[in-house]
Every structure is written in structure tokens, then in C-alpha cells.
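Me: I would like to go through the terms used for this model and check what each one rests on.

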Amino acid sequence: MPLLISLAAAALFLPVYAVSGQSAKCLALQHSLHLENTTILNVTYVPAAANVSTPGTCQSIALVSAAPLCRVQFVINTTSSSAVHAEAWLPDTWFGRFLGLGNGGLGGCIDYANLDYGTSLHFAAVGSDNGHDGTDGTQFLNHPEIINDFAFRAVHVEAVIGKQIVRTYYGAAAAKSYYLGCSTGGRQGTQAALKFPEDFDGIVAGSPATDFNHLTIWQGILSHYVGAPVSAAAPPKKFLSPEAWAIVSAEILRQCDALDSVVDGIITEPDACDFRPESIQCTESRATNCITATQVETVKNVFTPLFGLHGELVYPRYSPGAEADPSAQGQGVLGGAFFSIADDWARFAILNVTQHDFSNFGLKAVNFWDSINPGGIATFDGDLSAFRDRGGKFLTYHGRRDPLISSTNSKRVYDLISHTLSLPLLDDFYRLFLIPGMGHCAGGLGPTSFGQSSGLNLVNDSSHNILLAMVDWVEGGVAPATIIGSDTANATRTHCRYPMRSVFNGKVFVCE
């Protein structure tokens with residue numbers, strides 16, 4: 001019978017620390033913390049829920065709903081030319097657990113929402129700026145050590161120093177250490193398991209941006225498929241407007257929505273969708289609700305895996321259905337601009353230039369980017385043996401409607417680990433949950449909230465909350481067989497671990 005971890009029940013498994021004189025004890029950290037290469041910038045005690053000011057350019061205030069807690073702001077000098085700014089939020093009532101947090105995109109931004117989320121579950125939580133301030137990659141230019149912080153080091157030092165702060169404040173080391181992140185944060189969690197297997201006992205890594213160089217090349221080439229950079233005054237013939245994409249999306253659903261036996265707007269298994277856009281090509285007898293022959297070729301390119309100059313797979317195809325997510329268009333990979341993350345990574349990390357003409361961007365980039373691999377950013381290695389052998393547990397999830405990172409790549413990573421470790425199944429330490437209808441990290445269509453981030457745990461137990469499911473696994477030895485997603489109307493759906501399939505039994509979806 002699965003162990004359900006609620007806020008009340010958690011005290012049965014780990015000691016609860018509630019120290020008297022919290023404010024004085026907290027403020028004393030300003031002078032009592034003496035940590036290697038670390039400067040304590042500020043210590044404040046937050047006695048009740050409040051908005052607090054935040055440093056840097058990412059945001060100006062953060063909500064502390066989980067008060068009372070001690071807030072420690074600090075900077076770690078990772079080298080003479082690089083530093084990681086971080087915060088530790090230490091709740092008065094602590095269940096003996098440490099939680100490290102990741103970042104997103106090319107940032108640059110402390111994850112204040114999940115600092116609040118983690119402390120609301122009585123973790124001592126630490127988040128960092130990933131080695132630079134802001135949401136873009138401009139600070140990578142001619143700064144390899146800042147790239148190193150971004151690629152692998154920031155999460156490691158936040159774990160090392162964060163745990164020392166926890167030990168000093170509570171007078172006891174964290175009994176167990178966890179990690180939570182998505183997208184870039186998912187890649188960071190994977191990198192932590194590969195490079196620093198001692199840092200965390202349990203890692204929850206969503207929509208991971210693994211095989212990072214190939215991912216960003218694919219994103220850039222997708223932009224080229226639709227004609228980037230697109231002039232609004234005279235868009236190229238291969239560009240699809242939002243109205244044209246709506247025609248494509250409707251046809252994708254017509255061809256593939258019923259593959260799972262339920263017509264609900266959700267394609268449960270996009271990899272089974274053999275979409276043929278020729279069916280909506282304009283002809284002499286069909287001049288409306290159609291796309292041109294040139295646009296048909298664009299759509300075919302988008303939904304075809306990217307192969308290299310010698311026929312090798314570079315990156316999986318775009319998932320049918322994901323093109324309908326609002327993040328796919330506008331500033332997304334199908335919006336007509338050269339995708340910003342690919343642009344910044346190419347200019348500031350690969351080429352070390354401020355300007356570059358991407359009009360001829362293509363497959364020649366693959367070998368070049370692979371040869372540079374700044375900071376070891378690729379994060380495409382199946383050798384998790386050290387993490388597994390020390391008892392580490394890894395949960396990852398990926399939305400099947402993700403408009404930025406192909407969810408098929410998470411299958412590919414699973415298969416890479418399986419092959420590397422010669423294990424047909426990884427269930428003992430690694431589980432992947434593929435989430436039909438979910439967009440990038442959250443949202444989308446259907447019941448896609450399962451505690452993966454702030455505001456997304458509608459039910460507080462481990463069957464519905466992937467972070468608490470990880471606690472069950474690490475501390476109780478109960479691995480999650482499934483995870484139940486919820487939506488705002490309290491509808492639910494059981495999500496399956498790979499390689500199991502989500503199958504409709506005539507009433508509900510079950511895992512087989």
C-alpha cells in the first residue's frame with residue numbers, strides 16, 4: 001500500500017524542528033556563518049506571509065506565503081571571474097529535508113515561486129541565479145566560467161553551501177536532500193546526477209533540456225523551416241500564419257485524436273501520429289481552409305526528425321499537437337523569428353560574438369557545436385551508475401504537447417540510460433512519466449497538475465504530487481507506479497511511467 005506523505009504525516013518519518021527565539025537565531029546567521037568562498041549578503045526573519053523585495057533584474061518582489069521562515073541571501077565566488085547568487089529559505093517548522101532548485105531558459109533568475117512552494121512543504125529550500133543575472137545569455141560572451149556555472153556548477157555549489165547553512169541554523173544536517181527543476185532545470189537535475197551523484201538523494205527533473213547543443217540547433221532549424229527571420233510586410237511563402245497553423249492543427253486532430261479511442265483534443269501518443277499534411281493542400285477545387293504546396297513542405301519538415309549530414313539522428317521530430325500550444329508561435333520556434341535561446345547560445349557561448357548572420361544556419365553547425373560543447377552543456381550521457389549505486393532516485397516527466405522541447409527526446413534519454421547500464425528497465429532508480437496534453441512543464445490540455453511546481457499540487461498526497469512521491473520513494477522505499485494529474489475542475493487522469501502505455505478501457509485511461 002503506497003505511503004501517503006501529508007504535511008501532518010511527514011512528522012512520523014523525520015523529526016520536526018521548531019526552534020524558539022526564531023528571529024534572534026535567524027539574525028545571528030549574519031555573523032555566525034563562515035563558509036568557503038561565500039559572503040552572506042543579508043539575513044532577515046519573515047514572521048508572517050508577505051511580499052519581499054528581490055535583487056537582480058528578473059523580478060522586484062516575491063511572495064512568502066509559507067512564513068515564518070529565515071531568509072538568507074548569499075553569494076558564492078566560484079572562480080575569480082564568476083559567482084553564484086543564491087537564497088536559502090529556512091522554515092520554522094522543518095521536516096529535516098533539503099530542497100535544491102533549478103532555473104529556466106538561459107537564466108539567470110532565482111526561482112522564488114518554488115522557494116515558497118518548497119518551504120510550504122517544510123523543506124529547507126535553496127535557489128540560485130545559475131551564475132548570472134537576467135533571462136538571456138549575454139553574460140556568456142567571453143566568460144567561460146559563467147558558462148561553467150550555467151552548465152554544471154551552480155546547482156552543485158548551491159547544494160554544498162546550502163546544506164552547510166541548514167546544518168548551522170537547525171543544529172542538524174538534512175536527513176535527505178532533494179532537487180526540483182524543469183526545462184533547463186530538468187537538464188540541471190540530470191547533470192547533477194551525472195557529475196555530482198552525492199548531492200541529492202532524489203531528483204525530480206521535468207521536460208529536461210538534455211542533448212542541449214542538438215536541442216538548440218533543432219530549435220534554430222525549426223525557425224528556418226518557417227522562414228525566419230520573417231518580415232511582417234512580406235512573409236516568405238513557406239511561413240504559416242497563426243490562421244494557417246490552426247488549419248494544420250485541426251487536421252492533425254482529425255487524423256490522430258481518435259488513435260487513443262477518445263476524441264478529446266488530446267493526442268495521447270504523438271509518436272503514433274503519422275500526420276499527412278497533403279490532405280489540406282490547396283487545389284483548383286479547394287481554395288479555402290487549406291495551405292499551399294510550399295507550406296505543406298514546411299509542415300513536413302517540422303514533423304520529421306532532424307538527421308545529420310551523414311544520416312545520423314540529431315534530434316527527434318516536433319510532436320504533432322504541440323504546434324497548437326500558444327508558446328509554439330509568437331516568440332516560439334514556429335513564430336517566424338530565429339528562436340532566441342538558439343540565437344543567444346550560438347552568439348555568446350559558441351561563437352563569442354555579438355552579431356551573427358543566421359541566414360545560412362543549418363546542419364554544418366552540428367559537428368562544430370559538438371566539438372566546443374561549452375561547459376559540457378550537452379548533458380547526454382547514460383552513465384548514471386554512480387547515482388544509482390549510492391541509492392539515488394530519479395523522477396522525470398515530460399508533456400506530450402511540449403512546444404519547446406520534444407517529449408520524444410525524454411524517451412531517447414531513457415533508452416540511452418537503459419543501453420548504457422545494460423538494464424532493460426530502469427524502474428529501480430529512474431522513472432519517466434509522459435503526460436498527454438501537457439505543454440512545457442505545465443498547463444496545456446487536461447489534468448496536468450501533479451505537484452511539479454508552485455501552484456500545481458491540487459491534492460496533497462504522494463499519488464497526486466510528484467515531489468511527495470519522490471519523498472515516498474527515497475524515505476519509504478515506495479516507488480510511484482503512476483502519478484495522478486488534476487485540473488482546476490478537479491478532473492483527474494492517471495499518467496503512466498515509460499515504457500507502459502496509457503490505454504482507454506472504455507471508461508478511463510489505465511496503464512498497460
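**Pockets, cores and one proline**

Reply: The second largest pocket holds about 320 Å³ of space. Among the 19 residues that line this pocket, N103, G104, D111, N114 and C182 are the closest to its centre. The model is a predicted one.

Me: What makes a residue part of the lining of a pocket?

Reply: A lining residue has an atom within 4 Å of a pocket point. For the second largest pocket, α3 (112–120) and β8 (176–182) each supply at least two such residues. β8 gives the most, with three residues.

Me: How do the lining residues of the second largest pocket divide into nonpolar, polar and charged?

Reply: They divide into nine nonpolar, nine polar and one charged.

Me: Why is P208 called buried?

Reply: Buried means under 20% relative accessible area. P208 has 6% relative accessibility, so P208 counts as buried.

Me: Where is P208 placed, and which residues does P208 touch?

Reply: P208 is in the loop between β9 (202–206) and α6. Leaving aside residues up to four places away in sequence, P208 touches S183, G186, R187, T190, T396, Y397, H398, I405 and S410. Contact here means heavy atoms within 4.5 Å.

Me: What makes a set of residues a nonpolar core?

Reply: The members are buried residues of listed nonpolar types, joined through side-chain atoms within 4.5 Å. The largest such core has 56 residues, and F140, W245, V248, Y318 and W345 have the most contacts inside it. Elements that each supply at least two residues of this core include α4 (144–170), α7 (242–256) and α9 (340–351). A second, separate core of 47 residues includes I76, A192, L194 and L421.

Me: Which residues does Y318 touch?

Reply: Apart from residues up to four places away in sequence, Y318 touches W218, L222, V302, F303, E323, A328, V333, L334 and P403.

Definitions and conventions: Residues numbered from 1 in each chain as written. Predicted model: local features only at pLDDT ≥ 70, side-chain atom pairs only at ≥ 80, totals over all residues. Heavy atoms only, no water. Buried < 20%, exposed > 50% of the residue type's maximum accessible area, 1.4 Å probe, protein only. Helix = DSSP H or I, 4+ residues; strand = E, 2+ residues; numbered from the N terminus. 1 Å grid on protein atoms, 1.4 Å probe; cavity = no way out; pocket = protein on both sides within 12 Å on 5 of 7 lines; lining within 4 Å. Points joined across faces, edges and corners; volume = space filled by probe spheres on them. Nonpolar A, V, L, I, M, F, W, Y, C, P; charged D, E, K, R; others polar.
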